[in-house]
Amino acid sequence: MRLQKKDFLLHWPDTLSHPLMAALVMLAATGILYALRQVINPLSVELLYLLPVGLCATVWGLDSGVLAAILAFLGLNYFFIEPRFTFFVHRGQDIIVLVVFLGVAIFISQMVGRTRNSLAAARARERDAIRLYKLSEELAELLDDRAIVLCIAQNVFETFQASRVEVAISDKGRRDSISVTLPDGQPPNLEVSPHTAMRIPLQSPEESIGEIRVWRMLPEWSSAEERLLQTFSYQGVIALERSRLIQAETRARVLEESDRMKTSLLSSVSHELRTPLATIKAASTGLLSQTVSWDSKARNELLLAIEEETDHLNLLVGNLLDMSRIESGALNPDRRWNALDEILDSVLNRLRTTLRNHRIEVDVPEDLPLIYVDDVQIGQVFANLINNSLKYAPEDTVVRIMARKHDPDTLMVQVSNQGPHVAEDDLEKIFEKFHRVTSSDRITGTGLGLSICKGIVEAHGGRIWAENLPEGFAIDFTLPLTWNGTFPQVPEEYESTAAHPGN
Amino acid sequence: MSPQPHILVIDDEPQILRAMRTILTAKQFKVSTAARGEEGLALAAVQPPDLIILDLSLPDIDGLEVCKRLREWTQVPIIVLSVRESERDKVMALDSGADDYLTKPFGVEELLARIRVAQRHAVRSTGAKQPIITTGDLEIDLADHRVKQRGNLIKLTATEFKLLAYLASHAGRVLTYGAILSHVWGPGEYDHVEYLRVYVRQLRKKLEADPYQPRYIINEPGVGYRFITED
């Protein structure tokens, strides 16, 4: 109750002070006119009384204007119309004058008051229009759902001088659930103070997206404010729908891009597969031919060509399978503790025949800690990096494999060669699918090797990058030396002098 | 064993069957083939072979299942064929009784080497255990727990010896991490591959001329280790 009283007092100037002021003005006007009654023609008094009436209506509105008109009527009657100082009127002519005066005064104050009220309404509409303009301008720049929701909440908060604003959009599978509450931090206690709440749905043509909830101190919501809030909600829905469409379009473009990639992969792969197949077909039909008698050296050459091209095909198919597993997220490293030197040893063994034209240097410290990786996949990384080096570096140059503990948790590996530099702009692009630095026909491959390396290293929580060295080119990558923050634990065993387990 | 060893090849790819038949027949083996798992199982029961080559991906039943069902009644050596991407399948096949594996595509030399090892192992497991294994310049005395290299005694810890003895007594065959760990450290430790890595490194330092290019203890990525004998 007390609070409502306070609230009433808070608003009393609007409802009471204006008529009071009008009454004071009329009193003053009556005083001035009475003082000047000898100078002024009695007929002019009626006209002069209209001036303060018009003034009151202009400044304080219709109610004050009408009050001023009645006071003017009474003042005129009491002070200026014979007999003075009574409200009696003797002459019929004077009655007509008074009635006409009252009619004119009320008419003027009504006209002026209405103009004033419609001016106020026009100002309010302008204010609303500016706020709406500001909101739509801000929303136009936003594409992110969360930013849009925050923007709506802030604008509602400022425009309606709210105590609390909640804007929530719900997950319907098409967008994430987001909820923003203003102000941040401790919410105002909505129970003790006289708050009014307003809920407006965020409604798209197809479905309900969410809701705006506003609490504020009195006064009650006017229908104009409700309409403005509704318009805010429409603007918000438009922005959210636009953001959803843009996201959908981005997804569509990614799909289109991936489709284009697949087409490019197919044509690249078909070409790559046909080259070794051509060699195999030529060599085997040659050997089968009845018309040629091959000496043993020539026979051996043809058979070697078949074997090498078969290995090449096998590598290609392996890369394709790896790529498709990386793409579909099915890489699933089969991790266990592994020794890097063992992985390298298996790879170099496997590649032995292809390595004969280059020199391989392995620089791996003896006491390198174990790494928690899928040894087959990391072996594949080394095989691809070494193959790449063999492809680009001239014959009889050194391919160097170096590994170092970079920090307690990270192993750093570098595979370097004495091949040509790669343009700085291309250093990142070489890890993209189908990217090849040179378009030379000499270099064959699907352009998948490095992107597979990237996929595998990243699946292991590492990083891979390329760099130009003073005398060559290198690919570096990191691998974690811990698993869930732990190092491998191996039970200590003291070196016994004799090898008798029973002793 | 019959004078002409009998090999059963179970694979659904006709071209592989054709090539295997041609190559193995030329190498003086008697070859029978089956294109389906059930057919292979039936054939193995009717005409027990000396060795089975089994593809892991068959149209009717899983190769692993064939392996398990064979092991219910026979200890015939089984070599499974698999592809590079399926290390887990290889380990499962080895753990459910297969003796060895080959990764497709494979060379003939590799195939023949695997067959030789499997045959030798079959002979050894039926006969008496050799107390001393000799390979290259190594002499491993299983009874006396001694290892000599070119006549010199090599000091090994108890665990190192146990590991070496287990690998060497299955010379030529791949042994899975799980099998080695269970045997050397105990069944509860079968997934502590880190023990194995550290001890293999120690053993190599003591035995191998160049620990980075090992001749004896060979790593089989994703599967296990193989002890290579020089013959």
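In the predicted model, the contact between the two chains draws on 28 residues of chain A and 27 residues of chain B. On the side of chain A that touches chain B, the elements giving two or more residues are α7 (296–327), β5 (336–338), α8 (340–350) and α9 (375–392) of chain A. The most is given by α8(A), with 5 residues. By residue class, this side of chain A comprises 11 nonpolar, 9 polar and 8 charged residues.

Helix α4 of chain B, residues 87–95, was examined next. Its buried residues are E87(B), K90(B), V91(B), A93(B) and L94(B). Viewed down the axis of α4(B), these buried residues fall within an arc of 160° and therefore line one face of the helix. Their packing partners come from both chains: α9 of chain A on the one hand, and α3 (63–71), β4 (78–83), β5 (100–104) and β10 (174–176) of chain B on the other. Just after α4(B), the backbone at G97(B) adopts a positive phi of about 115°.

The largest nonpolar core contains 94 residues. Within this core, F382(A), I52(B), L54(B), V80(B) and L164(B) touch the most other members. Helix α8 of chain B, residues 193–207, gives the most to the core, with 7 residues. For L164(B), when neighbours within four places in sequence are left aside, the residues in contact are I140(B), V147(B), L156(B) and L203(B).

Notes: Residues are numbered from 1 along each chain as its sequence is written. Chains are lettered from A and ligands numbered from 1 in the order in which they are written. This is a predicted model: local features need pLDDT of at least 70, side-chain atom pairs count only at pLDDT 80 or more; totals for chains, interfaces and linings use all residues. Two residues are in contact if their C-beta atoms, placed from the backbone, lie within 7 Å. Helices (H or I, at least four residues) and strands (E, at least two) are DSSP runs, numbered from the N terminus. Ala, Val, Leu, Ile, Met, Phe, Trp, Tyr, Cys and Pro count as nonpolar, Asp, Glu, Lys and Arg as charged, and the others, Gly among them, as polar. A residue is buried if 20 or more other C-beta atoms lie within 10 Å of its own, exposed if 12 or fewer, and partly exposed in between; C-beta atoms are placed from the backbone. The arc is that of the directions from the helix axis to the C-beta atoms. A nonpolar core is a set of buried Ala, Val, Leu, Ile, Met, Phe, Trp, Tyr and Cys residues joined through C-beta atoms within 7 Å.
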